[in-house]
Amino acid sequence: MIYKYLDKTIAYEGSQIRSLWAFRNFGLQGDSIISFRGPCRVELPDMVDIEDVREKSAIFSTDMLHFIVEHFDLDLEKTIIRQRLLIALIKDIISHRVSVKLVRLGDDLYLENRKLSVSIATLTPVSTKIHTGLNVSSRETPVPAVGLLDLGFDDTEVRKIGEEVSKKYAEEYEDIKLARCKVRGVG
């Protein structure tokens, strides 16, 4: 599985959740997790989560750490499980670095009642995709939020989190694939 931190600011507006984004833009072909930093603004017509659309819930952050995952299979349920794995890895990595009590509720992370993350999993014609964004800044968010800067991380550490999460997710994925190949059938 390919993992890469992009050293450029990219504004997430929803197009990154389309199929083959990493291949089209960066030549990264195959299952991948790509991380980068940039603002986030997803308008209602571009939202994938219909619950958010129905509630007219804006998705906006002036600064986020983004993760775009693409798997070339068409099992949305499996991808939602992968999304939860990604969120659990993020929680572990952040909690290991700073002593905060993050809570995972489904596919989101919270510190008390303040939201740290946004996340969606979806199906494309050729793959499944996950977008997870972590607030770096909590300024001007449409909901009570916490950012990585509020937790004491600096810009260098934000990048390190992006790199570490991407690497650990790719390693976990490869380890799962190998685990399938070491057991004998029963019955």
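**Close-up views of a predicted model**

View 1. The structure shown here and in the following views is a predicted model. Two aromatic pairs are found in it. In one of them, the ring centres of tryptophan 21 and phenylalanine 26 lie 5.3 Å apart with their planes at 75°, so this pair is classed as edge-to-face. Phenylalanine 26, at 25% relative accessibility, counts as partly exposed. Tryptophan 21 also pairs with phenylalanine 36, in a tilted arrangement with 5.7 Å from centre to centre and 45° between the planes. This pair links distant parts of the chain, because tryptophan 21 belongs to helix α1 (residues 21-26) whereas phenylalanine 36 belongs to strand β2, 15 residues apart. Both tryptophan 21 and phenylalanine 36 are buried, and the ring pairs join Trp21, Phe26 and Phe36 into a cluster.

View 2. Five strands, in the order β1-β2-β3-β8-β7, make up an open sheet with mixed pairing. The edge positions are taken by β1 (2-9) and β7 (117-123), each of which has a single partner strand, so that one side of each is left without a neighbour in the sheet. From one strand to the next, the twist averages 25°.

**View 3. Strand β2 beside β1.** Strands β1 and β2 (residues 32-42) run parallel and are joined by five bridges. Tyrosine 5 has serine 35 of β2 as its bridge partner, and threonine 9 stands opposite arginine 37 in β2. Of the eleven residues of β2, nine are buried, so this strand is largely enclosed by the rest of the structure.

**View 4. Helices packed against the sheet.** Helix α3 (residues 76-97) packs on the sheet, where it touches β2, β3 (59-71), β7 and β8 (128-135), and its direction makes about 25° with that of β8. Helix α4 (residues 155-179) lies across β1, β2, β3 and β8, and it runs at about 25° to β3.

**View 5. The nonpolar cores.** The largest nonpolar core has 28 residues, and those with the most contacts inside it are Leu65, Leu86, Ile94 and Leu148. At least two residues of this core come from each of β3, α3, β5 (108-111), β8 and α4, with α3 giving the most, namely six residues. Leaving aside residues up to four places away in sequence, leucine 86 touches Ile33, Phe67, Val69, Ile130, Thr132, Val165 and Tyr169.

View 6. Cysteine 40, at 1% relative accessibility, counts as buried, whereas cysteine 181 is exposed, with a relative accessible area of 61%. The count of disulfides in the model is zero.

How values were computed: Residues numbered from 1 in each chain as written. Predicted model: local features only at pLDDT ≥ 70, side-chain atom pairs only at ≥ 80, totals over all residues. Heavy atoms only, no water. Pairing = 2+ DSSP bridges. Helix = DSSP H or I, 4+ residues; strand = E, 2+ residues; numbered from the N terminus. Axes fitted to C-alpha atoms, helices over the stretch in contact; angles between N-to-C directions. Contact = heavy atoms within 4.5 Å. Phe/Tyr/Trp six-rings, centres within 6.5 Å; stacked < 30°, edge-to-face > 60°. Buried < 20%, exposed > 50% of the residue type's maximum accessible area, 1.4 Å probe, protein only. Disulfide = S-S within 2.5 Å. Core = buried A, V, L, I, M, F, W, Y, C linked by side-chain atoms within 4.5 Å.
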